[in-house]
Amino acid sequence: PLANGQGYTFLRAGDVERALRTFRLNVRVHPSYTNGWDSLGEAYEQAGRIAEAIAAFEEVLKREPENGRAPEFVTRLRARSGR
C-alpha cells in the first residue's frame with residue numbers, strides 16, 4: 001500500500017511521529033499486510049518505544065510465522081529491553 005511508502009518518507013526525514021501515525025493507520029486499514037506491521041515495528045524502534053516495537057514484530061509472526069526478519073528483531077529488541 002501507498003501509505004507504507006509515505007511512512008518511510010516521513011521516517012527518513014526524521015519525522016518519526018508522523019511516520020508512526022501513517023504506519024498505524026496503514027495496519028488499521030490493512031491488518032493482514034505483514035510488511036505494514038514490520039514497518040510499524042521499525043518506526044517504534046526508531047522512536048525508542050521498544051515494547052511497542054516488539055508487539056508489532058510479534059504481530060508479523062502471528063500473521064506470517066515463516067517470516068525470516070521478525071524473529072531477529074524480536075530477539076534483539078527483547079535483549080535491549082531486558083525482556
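A salt bridge here is a side-chain nitrogen of Lys or Arg within 4 Å of a carboxyl oxygen of Asp or Glu, and a search of the whole structure finds 9 of them. This is a predicted model, in which local features need pLDDT of at least 70, side-chain atom pairs count only at pLDDT 80 or more, and totals for chains, interfaces and linings use all residues. Residues are numbered from 1 along each chain as its sequence is written, and side-chain values use heavy atoms, with hydrogens and water left out.

**View 1. Asp38 meets Arg69 in a salt bridge.** The closest N and O atoms are 2.8 Å apart. Asp38 lies in helix H3 and Arg69 in the loop between H4 and H5, so the pair ties together parts 31 residues apart in sequence; helices are DSSP runs of H or I, at least four residues, numbered from the N terminus. Asp38 is buried, at 5% relative accessible area, while Arg69 is partly exposed at 36% (buried is under 20%, exposed over 50%, partly exposed in between, with a 1.4 Å probe and protein chains only).

**View 2. Tyr8 and Phe23 form an edge-to-face aromatic pair.** Their centres are 5.2 Å apart, with 65° between the planes (rings of Phe, Tyr and Trp, the last by its six-membered ring, pair if their centres lie within 6.5 Å; planes under 30 degrees apart are stacked, over 60 edge-to-face, the rest tilted). Both residues are buried.

**View 3. Phe57 and Phe73 stack.** Here the ring centres are 4.4 Å apart and the planes at 20°. Phe57 sits in helix H4 (residues 50–63) and Phe73 in helix H5 (residues 70–81).

Notes: Helices (H or I, at least four residues) and strands (E, at least two) are DSSP runs, numbered from the N terminus.
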